[in-house]
Amino acid sequence: LGRTDGVVTKLDAQNGRILLSTRVGGNAEEALFGVTVLANGDLIANGHTQSTNFAPGSRGSLFDVLFFRMSYDMKRLMWTTGVGGSGTDLTEHGLWAENSRILIPALTGSADSPLGAGTGALLLDVDPDTGSLTTVRRIFDGQGFTISPVVDSSGRIYVVGQTAVTNLQMTSDALQPTYGGGATDGFLVVLRPDGTREYATYFGG
């Protein structure tokens, strides 16, 4: 066990009683921020890690992105994945998952990250069977992060987040095409099923 571990807990839907609870982590620090349940009961969770002996791919740098699949009885990790460079790479908000696809919001601050060089707000597409990255989408460059993606029945992906970048390129039909002027603005981006951008707007004053 390290300085801190992540905790996954299953509660009774009727009375909130703890049914199952387990710690996950390695020799440094883990924190978990999102969890969802697949159709077969397995869990997908995401967060960040500093450990070098927990998630294959983690470099044990400032922070690396972490995600894993846990069996429905919470007794076994099916796979665990860490991704990052020499700087800070994080996923600190909820994910979206179904049996054939996982979408994880992330940010990178590493110049040498497998997620892409330079600071940016990202959306990661992950194979639920293997935990491998299939696509890394850079939603915006610069200081910012993505939050809780969702997918509609047609396959469009909706991503919201926060940015401090004042000159991002929004679509011509944006509700708010320019930065609002505060320390940060929100944003909404809609991606077509093929991953191309359909819509993007700032939100903020």
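Visitor: Which residues does Asp-185 touch, not counting residues up to four places away in sequence?
Guide: This is a predicted model. In it, Asp-185 touches Gly-161, Gln-162, Thr-163, Gln-176, Thr-178, Tyr-179, Gly-180, Tyr-202, Phe-203, Gly-204 and Gly-205. Asp-185 itself is placed in strand β14, which covers residues 185-191.

Visitor: What is the nearest side chain of opposite charge to Asp-185, and how far away is it?
Guide: That side chain is Arg-197, 14 Å away. Asp-185 is buried and has no salt bridge.

Visitor: Which backbone nitrogen does the side chain of Asp-185 reach, then?
Guide: The side chain of Asp-185 reaches the backbone nitrogen of Gly-180, at 2.6 Å.

Visitor: Let us change topic. How many residues are in the largest nonpolar core?
Guide: The largest nonpolar core has 17 residues, and those with the most contacts inside it are Leu-123, Ile-139, Phe-140, Met-170 and Val-189. Two or more residues each come from β11 (133-141), β13 (157-163), β14 and β15 (197-203). Strand β14 gives the most to this core, with 3 residues.

Visitor: What is Ile-139 in contact with, leaving aside its neighbours within four places in sequence?
Guide: Ile-139 is in contact with Ala-121, Leu-122, Leu-123, Thr-146, Phe-187, Val-189, Leu-191 and Arg-197.

Visitor: Now the rings. How many aromatic pairs does the count come to?
Guide: The count comes to 3 aromatic pairs. In one of them, the ring centres of Phe-140 and Phe-187 are 5.1 Å apart and the planes lie at 85°, so this pair is edge-to-face.

Visitor: Why does that pair tie together parts that are 47 residues apart in sequence?
Guide: Phe-140 lies in strand β11 whereas Phe-187 lies in strand β14, so the pair links parts 47 residues apart in sequence. Both Phe-140 and Phe-187 are buried.

Visitor: And what kind of aromatic pair do Tyr-179 and Tyr-202 form?
Guide: Tyr-179 and Tyr-202 form an edge-to-face pair, 5.5 Å centre to centre with 85° between the planes. Tyr-179 is in the loop between β13 and β14 and Tyr-202 is in strand β15, so this pair ties together parts that are 23 residues apart in sequence. Tyr-179 is buried at a relative accessible area of 14%, and Tyr-202 is buried at 1%.

Visitor: Turning to the backbone, what is phi of Met-74 near?
Guide: Phi of Met-74 is near 60°, a positive value in a residue other than glycine. Most residues other than glycine have a negative phi. Met-74 is found in the loop between β5 (64-70) and β6 (77-83).

Visitor: Is Met-74 buried or exposed?
Guide: Met-74 counts as buried because its relative accessibility is 9%, and the cut-off for buried is under 20%.

Visitor: What about phi of Ser-148?
Guide: Ser-148 also has a positive phi, near 45°. Ser-148 is placed in strand β12, residues 144-151, and counts as partly exposed at 36% relative accessibility.

How values were computed:
Residues are numbered from 1 along each chain as its sequence is written. This is a predicted model: local features need pLDDT of at least 70, side-chain atom pairs count only at pLDDT 80 or more; totals for chains, interfaces and linings use all residues. Side-chain values use heavy atoms; hydrogens and water are left out. Helices (H or I, at least four residues) and strands (E, at least two) are DSSP runs, numbered from the N terminus. Buried means under 20% relative accessible area, exposed over 50%, partly exposed in between (1.4 Å probe, protein chains only). Lys and Arg count as positive and Asp and Glu as negative; His and the chain ends are not counted. A salt bridge is a side-chain nitrogen of Lys or Arg within 4 Å of a carboxyl oxygen of Asp or Glu. A polar contact is a pair of N or O atoms within 3.5 Å; within protein, one must be able to donate a hydrogen and the other to accept it, and residues adjacent in sequence count only if both atoms are side-chain atoms. Contact means heavy atoms within 4.5 Å. A nonpolar core is a set of buried Ala, Val, Leu, Ile, Met, Phe, Trp, Tyr and Cys residues joined through side-chain atoms within 4.5 Å. Rings of Phe, Tyr and Trp (its six-membered ring) pair if their centres lie within 6.5 Å; planes under 30 degrees apart count as stacked, over 60 as edge-to-face and the rest as tilted.
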